[in-house]
Amino acid sequence: MAVILIVDDEEPIQELLKFNLEKEGYTVLVAYDGPSALKTVEEKCPDLVILDVMLPGMDGMEVCNQLRQNPKSRDIPVIMLTAKVEEIDKVLGLELGADDYLTKPFSPRELLARIRARLRRIKPQIQENELVRGDLKMDLNRFQVLVRGVEVELTPKEFELLRVLATHPGKVYSRDELLEQVWGYEYSGDTRTVDVHVRHLRQKVERDSSNPEYIETLRGIGYRLKG
């Protein structure tokens, strides 16, 4: 299910949105101001952002503008929320790159319908069972990986680990998340098994595993494929 970031400084709104979205099965991230929203998008790469206009410090218009200026986030759908009703505010928000606009108070049912509509328009990450990330190419049908045009041999777990990371480049996965998605269950042992597999994977796909081009470590958090 999709990951949605809610950016709003009003706690009651945060809780209302979070409750309704999680009830629908979405994974929800929250931020209370512009800088933390931009940081969360950079680290977590959500599938959609719900963005309030009236934020402390940096308003939602500026946040939207910065999201659209960043290659990593320029294609993420943004639905703006505001208490303002003037047409000029709506026009400005859409001109800055917002995909949709709702005025408070709003119906959670209407917001959910708009979220589903926006998510349906996102281009699928996988087309024709092939993933291409820079010089790295994965053929999911042939179980084949090419790096800079040269085929590399991966174990099944290494291949699946790379597939998970490559499906959402830029998204940070914790070790627990990778254990669950790659190994298929809540692993009861030491999460260092992820580190071991990442190390072996880097030895096969990186020019210099000590200075990786693809698989990035975020200390204390987890791993991501560079976007």
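The chain has 8 helices and 12 strands, where helices (H or I, at least four residues) and strands (E, at least two) are DSSP runs numbered from the N terminus. This is a predicted model, so local features need pLDDT of at least 70 and side-chain atom pairs count only at pLDDT 80 or more, while totals for chains, interfaces and linings use all residues. Residues are numbered from 1 along each chain as its sequence is written, and side-chain values use heavy atoms, with hydrogens and water left out.

Of the 227 residues in the chain, 43% are buried. Here buried means under 20% relative accessible area, exposed over 50%, and partly exposed in between (1.4 Å probe, protein chains only). Contact means heavy atoms within 4.5 Å. Take the contacts in the chain between residues at least 6 apart in sequence: 54% of them join residues at least 24 apart.

**Helix α5 and its neighbours**

Let's start with α5, residues 108–120. This helix has 13 residues and reaches 18 Å from its first C-alpha to its last, close to the 18 Å expected at 1.5 Å a residue. The expected span is 1.5 Å times one less than the number of residues. In α5 the buried residues are L111, L112, I115, R118 and L119. Why do they sit on the same side of α5? Because they cover an arc of only 125° around the axis, the arc being that of the directions from the helix axis to the C-beta atoms.

What do the buried residues of α5 pack against? Their partners are β1 (3–7), α1 (11–23), β3 (48–52), β4 (78–82) and β5 (100–103).

At 0% relative accessibility, I79 counts as buried. Leaving aside neighbours within four places in sequence, I79 is in contact with L48, V49, I50, L51, D100, L111, R114, I115 and R118. I79 and A98 are 19 residues apart in sequence, yet 6.1 Å apart in space, C-alpha to C-alpha.

**How the helices pack**

Two packed helices are described by the angle between their axes and the distance between the axes. Axes are lines fitted to C-alpha atoms, for helices over the stretch in contact, and angles run from 0 to 180 degrees between N-to-C directions.

| Helix pair | Angle | Axis distance |
|---|---|---|
| α1 and α5 | about 60° | 11 Å |
| α7 and α8 | roughly 75° | within 9 Å |
| α2 and α3 | about 25° | 10 Å |

Those angles make α1 oblique to α5, α7 roughly perpendicular to α8, and α2 roughly parallel to α3. The cut-offs are under 35 degrees for roughly parallel, over 145 for roughly antiparallel, 65 to 115 for roughly perpendicular, and oblique for the rest.

α1 passes α5 in a right-handed crossing, and the crossing of α2 and α3 is right-handed. A crossing is left-handed if the near helix is turned anticlockwise from the far one by less than a right angle, and right-handed if clockwise.

Now for the residues that meet. L16, L17, N20 and L21 in α1 meet P108, L111, L112 and I115 in α5. In the α2 and α3 pair, G34, L38 and V41 of α2 meet V63, Q66 and L67 of α3. For α7 and α8, it's R175, L178, L179 and W183 in α7 against T193, V194, D195 and H197 in α8.

Which residues of α7 (residues 175–183) are buried? They are L178, L179, V182 and W183.

E158 is found in α6. Is E158 buried or exposed? E158 is buried, with a relative accessible area of 4%. Not counting residues up to four places away in sequence, E158 touches E153, H197, H200, L201 and K204.

**A loop residue, D9**

D9 lies in the loop between β1 and α1. With a relative accessible area of 34%, D9 is partly exposed. D9 is in contact with Y32, D52, M54, L55 and P56, leaving aside neighbours within four places in sequence. D9 and L55 are 46 residues apart in sequence and 6.3 Å apart in space, C-alpha to C-alpha.
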